[in-house]
Amino acid sequence: MSRPRRIGVMGGTFDPIHHGHLVAASEVQAQFGLEQVLFVPTGQPWQKGHEDVSSAEDRYLMTVIATASNPRFSVSRVDIERGGPTYTIDTLSDLQRQYPDAQLYFITGADALEQILSWHRVEDLFDLAHFIGVTRPGYALDDEHLPKGSVTLVEIPAMSISSTGCRQRVSGGMPVWYLVPDGIVQYISKRGMYRTFGQSPAPEW
Ligand code: ATP
Ligand code: MG
């Protein structure tokens, strides 16, 4: 019997996507022999509902631009099209329906892994995917409180980059070259994004 297709799922707000996201996905793809990694930009994220988040279309297009050159990367619109707040249980259920013969690997940084127990319907999450927790500078990576065998911890090259940091840099007039792909520097500039981070939302799409 052939082994099931292995598909990685990298969920995120991607506001903007940066090299920390891309390195995490690339490392896990290689280490686990994943056929594809699907980047899944959130709808209106519930953890961040109180903050201003760029439009789904801007975040989607940045994700497409950043991943276009890697034949193993693609972008899914499931969370954007479902609308409303994104719950990972819905992301994984929809993707399992789209790829019924696949084993899903949900990739998550150490900060997000720490919060998993607060996620919606956590007891069902681990039936839908195997979780891969990756190292992230500034956060401890541990799976002590998570069900045995449901999570694999992976050390990846340390990239001390966050989307929040990138937004702050743009609004403060500092460069984001080499923190994000070149096309993202240009997209941010073309769309005038993050210039007033923390004061008012980015321009409507
Ligand atoms: P924000 O500052 O807006 O929260 P972020 O940089 O944390 O943005 P998200 O879109 O929130 O990016 O993260 C998506 C996923 O990528 C999460 O699982 C997060 O832990 C992981 N991730 C983000 N940045 C890194 C990084 N530098 N190294 C490893 N994992 C990362
Ligand atoms: Mg984050």
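1. Helices (H or I, at least four residues) and strands (E, at least two) are DSSP runs, numbered from the N terminus.

2. Before going on, please note that this is a predicted model, in which local features need pLDDT of at least 70, side-chain atom pairs count only at pLDDT 80 or more, and totals for chains, interfaces and linings use all residues. Residues are numbered from 1 along each chain as its sequence is written, while chains are lettered from A and ligands numbered from 1 in the order in which they are written.

3. β1 and β4 run parallel and are joined by six bridges; two strands pair if DSSP finds at least two bridges between them. Six bridges also link β1 with β2 (residues 36-41), again in parallel, and here Val-9 has Leu-38 of β2 as its bridge partner.

4. How much of strand β1 (residues 5-12) is buried? Six of its eight residues are, where buried means that 20 or more other C-beta atoms, placed from the backbone, lie within 10 Å of the residue's own.

5. Now to the ligand. Around ligand 1 there are 18 residues, and Gly-12, Gly-20, Gly-109, Ser-163 and Thr-164 come nearest; a residue is near if its C-beta atom, placed from the backbone, lies within 6 Å. Two or more shell residues come from each of α1 (19-32), β4 (102-109), α5 (110-114) and α7 (163-171). With three residues, α1 supplies the largest share of this shell.

Terms used: A residue is buried if 20 or more other C-beta atoms lie within 10 Å of its own, exposed if 12 or fewer, and partly exposed in between; C-beta atoms are placed from the backbone.
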